[in-house]
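Here is a note to read with the model open beside you. Take the points in order and find each residue as you go.

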Amino acid sequence: MARFEIDTAYLVRVLVDLLNVPSPTGDTEWAISFVEQELAAMEIPFERTRKGALVATLDGLRSDAPRALSAHIDTLGAMVKEIKSNGRLRLTALNGVMWPTVESEGVWIATRSGSQIRGSIVLANGAAHVNKDARTAVRNDETLEVRLDERTNSAEETRVLGIEVGDYVYFDPRVETPQSGFIRSRFLDDKAAVACVLAAVKAVRDAGVAPAQRTTAQFSNFEEVGHGGIDGLPDDLAELVVVDMAAIGTGLRGDEYHCTICLKDSSGPYAKRLSEKLISLGERAGIDLLTDVYPFYSSDGSVYWQGGGRAEVALIGPGVDTSHGYERTHTDALNDTATLIAEYLAAD
């Protein structure tokens with residue numbers, strides 16, 4: 001039986017609020033500040049790294065085998081690549097955007113002056129009554145454009161609005177929380193994991209239990225482009241548990257209702273002993289933990305090892321459907337993930 005009770009209302013509230021704060025890779029200031037507020041409310045000390053990641057420290061009963069948790073705050077997104085002659089915008093992806101899934105999405109263009117200008121992503125020459133190929137045309141960064149909700153018909157007029165090449169583009173997350181326990185939104189990867197870490201830390205503190213070992217909680221801000229994993233982590237770590245979304249799809253065991261531990265991904269296998277330790281903790285806590293292997297996936301744990309990290313690394317996370325698209329998970333998976341993290345924090 002689990003020793004800790006997860007405050008599901010807190011977990012969902014934090015997740016929904018965080019989903020509504022844009023944080024594309026390279027522009028995560030607002031989201032980092034949000035997590036700082038949650039840590040401050042729990043009186044947990046934290047600091048930022050030079051790269052902008054957030055690192056919190058939980059004092060433990062011992063510090064002979066220090067641990068760390070890691071979840072990334074950055075998401076997919078886009079930048080303005082070109083201001084077209086018709087005043088519309090071409091975009092460049094911040095990593096793995098699946099372009100067909102963002103057609104018709106609402107966006108905000110964040111200008112350097114601090115203003116935000118509304119628009120939407122549409123197919124260039126996309127009118128079915130004009131372009132006979134509109135239904136079958138390839139959707140990518142060459143064929144999609146941002147139609148601004150401003151009177152502009154030239155690059156010059158768009159620049160007068162304050163928009164310039166390199167401005168960040170925020171996609172609407174479209175967060176919904178139906179009564180059935182599902183949560184639908186863009187960017188559950190990896191804000192669902194961030195919420196699980198915060199909820200687990202809250203549960204341990206509410207129970208008056210100290211972590212077994214000094215534990216660092218890292219909220220990285222460059223995971224989506226592959227260089228967030230080692231930033232701010234202590235050199236003396238013995239164990240690192242990365243919390244990231246669990247992949248769902250054909251040939252995999254994971255689903256939206258469970259926490260999954262990934263034993264191998266594209267970068268290779270994770271640490272056998274630490275993975276088995278987490279499986280045992282899940283069994284003792286009554287968590288129906290699944291195991292899986294991900295074919296096209298890597299994590300901040302992979303980057304930590306590639307950067308010379310010497311700790312054992314394991315990877316867990318709540319199941320998220322349609323990753324890098326319009327994603328969905330369930331509170332059952334979130335609660336199980338948070339519970340496993342809490343049990344890990346307190347375990348010898």
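Which strand gives the largest share of the lining of the second largest pocket? Point 4 has the answer.

1. Ground rules. This is a predicted model, where local features need pLDDT of at least 70 and side-chain atom pairs count only at pLDDT 80 or more, while totals for chains, interfaces and linings use all residues. Residues are numbered from 1 along each chain as its sequence is written, and side-chain values use heavy atoms, with hydrogens and water left out.

2. Overall build. The protein has seven helices and 17 strands. Both are DSSP runs, numbered from the N terminus: helices are H or I with at least four residues, strands are E with at least two. The radius of gyration is 21 Å, close to the 20 Å from the globule rule for 348 residues, so the protein is as compact as a globular protein of that length. That radius is taken over C-alpha atoms, and the rule is 2.2 Å times the number of residues to the power 0.38. Along the principal axes, the C-alpha atoms fill a box of roughly 65 × 40 × 40 Å.

3. Of the 348 residues, 56% count as buried. Buried means under 20% relative accessible area, with a 1.4 Å probe and protein chains only. Take the contacts (heavy atoms within 4.5 Å) between residues at least 6 apart in sequence: 76% of them join residues at least 24 apart.

4. The second largest pocket. Its volume is about 190 Å³. A pocket is an open set of points on a 1 Å grid over the protein atoms alone, with protein on both sides within 12 Å along at least five of seven lines; lining residues have an atom within 4 Å of a point. Grid points are joined across faces, edges and corners, and a volume is the space filled by probe spheres set on the points. Of the 19 lining residues, the closest to the centre are Pro 22, Tyr 170, Phe 171, Asp 172 and Pro 173. Strand E9 (residues 168-171) gives the largest share of the lining, three residues.

5. Strand E9. Which way do its side chains point? Tyr 168 and Tyr 170 point one way, Val 169 and Phe 171 the other, and all are buried. E9 runs antiparallel to strand E4 (residues 77-83), with two bridges. Strands pair if DSSP finds at least two bridges between them. Met 79 stands opposite Tyr 168. Four bridges join E9 to strand E6 (residues 106-110), also antiparallel. Here Val 107 stands opposite Phe 171.

6. Strand E11. This strand (residues 213-220) is mostly covered, with seven of its eight residues buried. Strand E2 (residues 54-58) runs antiparallel to E11, with five bridges. Ala 56 stands opposite Ala 217. Strand E3 (residues 62-72) runs parallel to E11, with seven bridges. Ala 68 stands opposite Thr 216.

7. The largest pocket. About 240 Å³ of space lies in it. Among its 16 lining residues, the closest to the centre are Glu 223, Glu 224, Tyr 297, Ser 298 and His 324.

8. The cavity. How many cavities of 30 Å³ or more does the search find? It finds one. A cavity is a set of grid points where a 1.4 Å probe fits but cannot get out. The largest cavity holds about 90 Å³ of space. Of the 13 residues that line it, the closest to its centre are Leu 76, Arg 186, Phe 187, His 324 and Gly 325.

Methods:
Buried means under 20% relative accessible area, exposed over 50%, partly exposed in between (1.4 Å probe, protein chains only).
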